[in-house]
Amino acid sequence: MTKRQKTMLLRIIIGAVLLIAAVLVPYEGPWRFALFLPAYFTVGWDVLWRAVRNIANGQVFDENFLMALATMGAFCTGFFGEGEYPEAVFVMLFYQVGELFQGYAVGKSRRSISSLMDLRPDYANLETDGEVAQVDPEDVPVGGVIVVKPGEKIPLDGTVIEGSSTLNTAALTGESMPRSVGAGESVPSGCVNLSGVLRIRVEKEFGESTVAKILDLVENASSKKARAENFITRFARYYTPAVVIGAVLLAVIPPLFMGGWGQWVQRALTFLVVSCPCALVISVPLSFFGGIGGASRQGILIKGGNYMEALAAADMVVFDKTGTLTQGVFKVTEIHPEGMSEKELLELAALAESWSDHPISRSLKEAWGGEPDRSRVGEAEELSGRGVRVQVDGRTVCAGNRRLMDEIGARCPENTAAGTVVHVAVDGAYAGHIIIADQLKADSKDAVKELRERGIKTVMLTGDSKAAGEAATRELGIDQVHTELMPAGKVGMVEKLLGERTGRGRLAFVGDGINDAPVLSRADVGIAMGALGSDAAIEAADVVLMDDKPSKLSLAIRISRRTIAIVKENIWFALGVKGLVLLLTALGVTGMWLAVFADVGVMVLAVLNATRALSAR
Amino acid sequence: MTKRFKLIDLDCANCAAKMETAIKKLDGVEDAAVSFMMQKLTVTADEGRFEEIMDQIEKACKKVEPDCRIVR
C-alpha cells in the first residue's frame with residue numbers, strides 16, 4: 001500500500017468507529033444529524049472538496065459530485081424525517097472502501113506486470129584498457145567490450161568474442177530450455193548468463209537493443225486501445241448524464257401525480273449512487289493490460305488491445321511455410337543417380353553449386369561433407385530462375401530445375417517428391433536428381449491441430465513446388481494450400497483471401513517477419529515468429545512471438561480469447577447489475593444501502609475478474 | 001513528433017479517459033493517448049510548437065484532474 005492508501009484506510013476506520021458511536025448515542029432531537037457529521041467529514045471531506053473544485057473547473061458530472069450530491073441529499077431527507085442519517089455516512093464510507101480497494105488492486109497488477117517485464121539491466125561491465133568497470137548500459141558505445149559473469153543479465157545486444165556459456169532466455173521467450181552459446185555467436189540482451197564468463201562485443205547501443213525495444217513495445221501497447229475500450233469510454237460519457245437526468249425526472253414527475261416528495265427524492269438520490277461508470281471504465285483496460293502482460297511473460301508480445309481483439313476473433317490463420325512451419329533448414333533427403341553412383345552425383349552437384357551461397361547449395365555441400373575442391377571447377381554461369389552451368393574437370397555440368405533440363409534437351413523423369421529437386425546433367429545427358437527438403441518443426445502439427453480444434457481455418461502459402469507444398473499440407477493437416485508463389489504473390493493471395501471473407505472473423509498471417517513485411521501489414525493481424533534478434537520482425541508485426549514455435553500461436557489466440565471473454569463478462573455483468581439496480585430503485589424495491597453495495601461490489605468483482613487475465617496459460 | 005510523459009497520481013480511470021478527450025481537442029495535437037494502467041501520456045504534436053502545446057495540455061489536464069501531474 002502506498003502512503004496515501006494507508007491514510008485513506010485510517011480515515012475509513014476512524015469514520016466507521018465514529019459512525020457506530022453516533023448510531024449508539026440515544027438522542028432523538030432535531031440536532032441528531034450533527035452527531036453524524038464528524039464521521040461524514042472524516043470519511044468524505046476530500047470527495048466534497050473535489051466536487052466543489054471540479055464544478056469550478058466546469059467538470060459537472062464527475063463521481064465526486066455525484067457522491068456528494070447523493071449523500072448530502074440523504075442527509076436532507078433524513079432531516080425532513082423521510083430517511084436515515086446513518087445511510088448518508090455509510091454510502092460515503094462504502095464508496096471510499098471501494099475506491100481504496102480499486103487503487104490497491106490496480107497498483108498490485110501494475111506492479112506484477114512490471115516485475116515480469118523485469119528485463120531492464122541495471123549495469124554493464126565495460127572493459128577499457130584491461131580494466132573492468134560497472135557503467136550504465138546507456139553509456140556503452142557500439143564496439144565496446146563488456147564482460148558478463150554467470151548470474152548476470154546480458155545488458156546489450158552483441159557478439160561473443162570469448163568464452164562459452166548457456167543462456168536463460170525465459171524472460172524474453174518464456175522458454176525455460178537454456179540455450180548454449182560460444183564465440184562468434186550473437187546474443188540478445190535480456191538473457192541471463194548461466195554458466196561461463198562471456199566477453200561480448202557490443203553491436204547496438206542500449207536504445208536500439210532487444211531489451212529496450214521489447215520494453216518500449218509493451219509500454220506502448222496500452223496506448224493502442226481496443227474497440228471494447230473505446231466503446232466503454234464513449235458509453236461512460238453518455239451513461240452518467242443519462243442517469244442524472246433520470247434521477248431528476250424521478251424526483252419531479254411521479255410526485256407531481258402521486259405526491260410523496262421525500263420518497264421519490266430518495267429514490268432519485270439512489271440513482272446517483274449507481275451512476276458512476278467506474279467498474280467498467282477501470283476493469284476493461286485492466287483486463288487488456290493483464291492479458292498483454294501475461295502473454296509477454298510467455299514470450300508473446302501483443303502490440304495493443306486492438307490486436308488482441310483481432311487475434312481473439314481470428315477464424316483463419318495463413319502461414320508462410322518456410323521458417324514458420326518448417327525449420328527453414330534444407331537437407332538432402334534423397335539421391336537418385338542415373339548411370340553413376342550416389343556419391344558421384346552428389347559430388348558433381350556440390351561442385352557445380354560450389355560458388356553459390358544459396359541455402360540449397362549449402363545443404364548440398366553439407367551432404368557431400370565439406371568444402372568441394374574449387375580448382376576442379378572452371379567457368380561458371382548463373383542461369384537465373386533455372387540453375388547453373390559449370391565446367392567441372394572439363395565437362396559441362398548443368399544443375400537446376402526441370403526448365404533447365406528441358407532447355408538443354410536432357411530427358412528427366414516426372415517427379416512427385418516433396419521438396420526441391422535439383423536435376424543434374426553432364427554434357428547434355430541426364431545424370432540424375434537430388435531431392436532437398438525442408439524439415440517440419442516438431443510442434444507444427446500440434447499447433448495446426450489445436451487451431452483447427454478451435455474452429456480456425458488454416459491456410460499455407462509457399463514458394464515451393466506443388467508437390468512439396470501439398471505433401472507438407474497433408475502431413476500437417478492444413479485445410480488449404482497455395483504453392484509456387486513469389487513474395488509479391490503472397491500479398492496478392494492474402495488480399496484475395498481477405499476479399500473472399502464475410503462475417504466478423506479476422507485473418508491472421510504468420511511469417512518469419514524478415515521478407516514478408518508487406519503481407520504482415522496487409523493481414524488483419526500480422527504475426528512474426530522467431531523474432532528474437534530480428535528487429536525488422538519486431539517492427540513489422542502486430543504480434544511478435546519471440547521464439548520460433550508455432551504452438552505459441554495457439555497459445556496467443558487462447559490468451560486473447562480468454563482476455564476478451566473476461567472483458568465481455570465484466571461489461572455485461574456491470575451493465576446488468578446497474579440496470580437492475582436502477583429498475584428496482586425506480587420501483588422502490590431497493591434503497592440506497594443496496595445500491596451502494598451493488599455499485600462498489602460490482603466494481604470489486606469486475607476488478608478481481610480482470611486480474612484473472614494476468615495469469616495466462 | 002511523438003513524446004511520452006509520466007503521469008503522477010492519476011487515480012481514476014474515468015479521469016484518464018476525460019483527459020485524453022480534452023487533449024485530443026487541443027489545437028496542434030495530432031494524437032494523444034492516456035494510459036491509466038501505465039500512468040503515461042503519449043502525445044503526437046507539431047514539433048515547432050511542442051512546448052507551447054504541452055503547456056496547454058497541462059492546463060487542460062489540471063481542469064479535469066487537478067491532482068494529477070505531468071512529468072516533463
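Which exposed residues are carried by the face of helix 1 of chain A turned away from its buried side? In this predicted model, that face carries A:Lys3, A:Lys6, A:Leu10, A:Ile13, A:Val17, A:Ile20 and A:Leu24.

**Helix 1 of chain A**
- Helix 1 spans residues 3–24, 22 residues in total, and its first and last C-alpha atoms are 32 Å apart, close to the 32 Å expected at 1.5 Å a residue.
- Its buried residues are A:Met8, A:Gly15, A:Leu18, A:Leu19 and A:Ala22.
- Viewed down the helix axis, these buried residues fall within an arc of 105°, so they line one face of helix 1 of chain A.

**Helix 3 of chain A**
- Helix 3 of chain A, residues 63–79, has 17 residues and reaches 24 Å from first C-alpha to last, close to the 24 Å expected at 1.5 Å a residue.
- Of the 17 residues of helix 3 of chain A, 12 are buried, so this helix is largely enclosed by the rest of the structure.
- Among the buried residues of helix 3 of chain A are A:Glu63, A:Asn64, A:Phe65, A:Thr71 and A:Gly78.

**Packing of helix 9 against helix 20 in chain A**
- The axes of helix 9 (residues 278–297) and helix 20 (residues 551–586) of chain A come within 10 Å and cross at roughly 170°.
- Because angles over 145 degrees count as roughly antiparallel, helix 9 and helix 20 of chain A are roughly antiparallel to each other.
- Helix 9 of chain A contributes residues including A:Ala279, A:Leu280, A:Phe288 and A:Gly291 to the contact, while helix 20 of chain A contributes residues including A:Ile559, A:Thr563, A:Asn570 and A:Ala574.
- The residues of this contact comprise 11 nonpolar, 7 polar and no charged.

**Contact between chains A and B**
- In the contact between the chains, 19 residues of chain A meet 14 residues of chain B.
- Helix 4 (85–116), helix 7 (227–258) and helix 9 of chain A each supply at least two residues of the side of chain A that touches chain B.
- Helix 9 of chain A gives the largest share of that side, 6 residues.
- By class, the side of chain A that touches chain B has 8 nonpolar, 7 polar and 4 charged residues.

**Loop residues with positive phi**
- Most residues other than glycine have a negative phi.
- A:Asp129, which is not a glycine, has a positive phi of about 50°.
- A:Asp129 lies in the loop between strand 1 (124–128) and strand 2 (131–135) of chain A, and is exposed, with 4 other C-beta atoms within 10 Å.
- A:Asp393 also has a positive phi, near 50°.
- A:Asp393 is placed in the loop between strand 14 (387–392) and strand 15 (395–400) of chain A, and counts as exposed with 11 C-beta neighbours inside 10 Å.

Conventions: Residues numbered from 1 in each chain as written. Chains lettered and ligands numbered in written order. Predicted model: local features only at pLDDT ≥ 70, side-chain atom pairs only at ≥ 80, totals over all residues. Helix = DSSP H or I, 4+ residues; strand = E, 2+ residues; numbered from the N terminus. Expected span 1.5 Å × (residues − 1). Buried ≥ 20, exposed ≤ 12 C-beta atoms within 10 Å, placed from the backbone. Arc of directions from axis to C-beta. Axes fitted to C-alpha atoms, helices over the stretch in contact; angles between N-to-C directions. Parallel < 35°, antiparallel > 145°, perpendicular 65-115°, else oblique. Contact = placed C-beta atoms within 7 Å. Nonpolar A, V, L, I, M, F, W, Y, C, P; charged D, E, K, R; others polar.
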